[in-house]
Amino acid sequence: IPVHAPTRTSPRLSAARRGRIEARATLREQVRRLGEPGPIRHRRRTDRPRRVILLIDVSGSMSAYADAFLRLAHRFVQAGGPVEVFTIGTRLTHITRALTVRDPDRALIAAGEVVPDWSGGTRLGEGLAAFLRAWGRRGPVRGAVVVIVSDGWERDQPEALGEQVRQLRTLAHRVIWVNPHRGKDGYAPVQQGMAAALPHCDDFLAGHSLATFHELSEVIGSA
C-alpha cells in the first residue's frame with residue numbers, strides 16, 4: 001500500500017529560486033560584491049509533512065480487524081513520516097516504538113507485549129480523554145491528521161465519547177473515523193457511541209478490505 005504523508009505549509013520562509021524577494025539578503029550580496037550587480041535572493045514558504053496519529057481499537061469486538069490495522073500502522077511508521085500509534089481498549093497504550101521494528105511480524109509481537117488489554121472491553125471515551133490529557137492541547141495533536149479505528153461500541157456513556165471527539169476536532173487538522181462494519185451491506189451507524197462521535201468527524205470510512213485500506217491511505221495523504 002503506497003503511503004504518502006499529508007503536508008502543511010511551514011510558517012517559516014526558506015531560500016528559493018522564486019518567491020518573495022529577500023531585500024536584506026540581496027543587499028548583503030551587493031555589498032559583498034562591492035556594488036557589482038549580483039543575484040536577487042528569494043524566499044518562500046515550503047511544505048512540511050503533517051503529523052499522522054492512529055488510534056486503534058483492540059477490544060474484543062475489533063479482534064477480527066485489529067491485526068490488519070496494526071500492520072497498516074506499521075506501514076505508516078516504516079514510511080518515515082511523523083507518525084504516532086496508540087491502541088485503545090480499556091486503556092490507552094503508546095506503541096509507536098514497537099512498530100519501528102522493520103519486520104512486520106516481529107513488530108506486531110513487540111506491540112502485543114506492551115498492550116495489556118488486547119481483546120478486552122471498550123472504554124473509548126475514557127481512552128480518548130487520557131489521550132487528550134497527555135497529547136492534546138500542547139502536544140502533537142494540534143494540526144495533526146487523527147485516525148480513529150473502531151466499530152464504535154462504547155462500554156461507558158456514549159455522550160462522553162462524543163464530547164471527547166468534539167474536543168479532539170477542535171485541535172486536529174482532520175479527524176477520520178474508520179469502521180470495518182461500514183463496508184457491510186445494510187450497515188448503519190446506529191450504535192450509540194458511533195452516533196455520538198460521527199457528527200464531529202470529517203470522514204467516515206470503511207476498513208474491511210485491501211481496497212478500503214488503499215482508500216484510507218489516499219484520504220490521509222490528501223488531508
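Reader: In what order do the six strands of the open sheet lie, and which are the edge strands?
Author: In this predicted model, six strands form an open sheet with mixed pairing, in the order E6-E5-E4-E7-E8-E9. Two of these strands pair on one side only, which identifies the edges as strand E6 (92-94) and strand E9 (203-205).

Reader: What does the twist average from one strand to the next?
Author: The strands of the open sheet follow the order E6-E5-E4-E7-E8-E9. From each strand to the next, the twist averages 20 degrees.

Reader: In which sense do strand E4 and strand E7 pair, and what is the bridge partner of Ile-56 in E7?
Author: Strand E4 (residues 52-57) and strand E7 (residues 145-149) are joined over five bridges in the parallel sense. In E7, the residue bridged to Ile-56 is Val-149.

Reader: Which strands does helix H2 touch, and what angle does its direction make with that of E4?
Author: Helix H2 (residues 63-78) packs on the sheet and touches E4, strand E5 (83-88), E7 and strand E8 (174-178). The direction of H2 and that of E4 make an angle of about 165 degrees.

Reader: How do the residues of the contact of H2 with H7 divide into nonpolar, polar and charged?
Author: H2 contributes Ala-68, Phe-69, Leu-72 and Phe-76, while H7 contributes Phe-213, Leu-216, Ser-217 and Ile-220. The residues of this contact divide into seven nonpolar, one polar and no charged.

Terms used:
Residues numbered from 1 in each chain as written. Predicted model: local features only at pLDDT ≥ 70, side-chain atom pairs only at ≥ 80, totals over all residues. Heavy atoms only, no water. Pairing = 2+ DSSP bridges. Helix = DSSP H or I, 4+ residues; strand = E, 2+ residues; numbered from the N terminus. Axes fitted to C-alpha atoms, helices over the stretch in contact; angles between N-to-C directions. Contact = heavy atoms within 4.5 Å. Nonpolar A, V, L, I, M, F, W, Y, C, P; charged D, E, K, R; others polar.
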